[in-house]
Amino acid sequence: MAAPPAGWQLVFSDEFEGQALDVSKWNTTMDFPGTHGPRYHNEYYLSYTLDEDVILSDGRLHLRTEHKVVSGSEPMGLFDYSQGLVTTHDKFTFTYGYVEIRAKYPGGKGLWPCFWLMPQDENSWPPEFDIAEYYGGQHKMHHGLAYGTMRETLWDSSGDTETDFVNDWHTIGLEWTAGRAVWYVDGVARKTVTADYVPKVPMYVLLSNSISSRLGPSGEPDEKTVFPNDFQIDYIRIYQTPPPTQLVKAEPPPAPKPQASEAAKPIIAILPASPLP
């Protein structure tokens with residue numbers, strides 16, 4: 001783990017130790033630009049999102065893909081693969097912080113598991129952080145940041161083909177501060193961006209295990225691709241700096257009320273009683 005800077009506080013976590021997904025933290029559908037429905041991304045993908053492919057077992061989150069015919073309703077259509085996906089959209093967002101997972105990725109042509117961040121405002125894409133997006137067909141982990149506009153989207157990307165993300169567990173994190181983002185693997189910085197296009201907006205977490213089409217970066221699955229397969233996540237933790245201490249200026253005690261001086265006191269005359277007749 002790349003420990004967050006001293007003094008940062010844990011603001012969100014899930015250790016996935018329950019029997020079922022914590023729906024107070026997670027959704028199982030998509031809600032961002034470019035999708036063809038809440039359960040199907042677009043033509044770069046072949047998989048349809050099913051809740052049954054989100055599994056908690058042995059203290060881990062398993063996002064599964066299966067090679068089976070799925071009759072979809074959101075949108076309507078037949079799909080050859082299913083996928084598991086979770087997001088914190090509308091349930092937890094953050095601007096700046098350190099986010100980390102411990103995970104083991106599936107491998108094989110066509111597989112496209114991803115750990116990413118999207119803007120809460122669905123009309124503001126880009127930006128997009130691809131913290132750890134694995135292209136199974138290329139045996140490459142993509143670390144990237146989308147910026148610019150929806151019509152002119154630019155990418156600041158790098159790839160890792162040396163680390164074995166399929167057979168070994170790794171901690172993967174992003175430290176995001178104003179004007180700077182650093183990608184970590186097992187506590188070692190792998191990519192740093194210092195630029196004015198580093199996002200400044202609230203973003204939320206997505207974890208997905210998708211299947212690429214021939215248009216996607218992993219290519220279509222072939223006969224060697226193993227199904228079912230799981231993207232396994234041991235935990236997710238997010239830290240932020242504590243809010244600044246609010247210094248409250250002490251109000252001076254109220255001034256005592258002025259006492260009336262002797263000269264100012266009213267004179268009360270005591271008159272003698274009238275004489276008796």
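How many helices and strands does the protein chain have? It has zero helices and 15 strands. Keep in mind that this is a predicted model.

Let's start with the chain as a whole. Of its 277 residues, 46% count as buried. The protein chain exposes about 14700 Å², and carbon and sulfur atoms supply 53% of that area. As for contacts, take those in the protein chain with a separation of 6 or more: residues 24 or more positions apart account for 66% of them.

| Residue | Loop between | Relative accessible area |
|---|---|---|
| D121 | β7 (111-119) and β8 (128-135) | 44% |
| P217 | β14 (203-211) and β15 (229-240) | 26% |

D121 belongs to a negative surface patch, which it forms with D31, D90 and E122.

Which residues does P217 touch, leaving aside its neighbours within four places in sequence? The answer is W112, Y135, Q138 and S212. Another pairing to check is P217 with G110: they are 107 residues apart along the chain, yet their C-alpha atoms are separated by 8.2 Å.

Definitions and conventions
Residues numbered from 1 in each chain as written. Predicted model: local features only at pLDDT ≥ 70, side-chain atom pairs only at ≥ 80, totals over all residues. Heavy atoms only, no water. Patch = residues over 30% accessible without salt bridge, like charges linked within 9 Å, V, L, I, M, F, W, Y side chains within 5 Å. Areas by Shrake-Rupley, 256 points an atom, 1.4 Å probe, with all protein chains shown as cover. Salt bridge = Lys/Arg side-chain N within 4 Å of Asp/Glu carboxyl O. Lys, Arg positive; Asp, Glu negative; His and termini not counted. Charge placed at Lys NZ, Arg CZ, Asp CG, Glu CD. Helix = DSSP H or I, 4+ residues; strand = E, 2+ residues; numbered from the N terminus. Buried < 20%, exposed > 50% of the residue type's maximum accessible area, 1.4 Å probe, protein only. Contact = heavy atoms within 4.5 Å.
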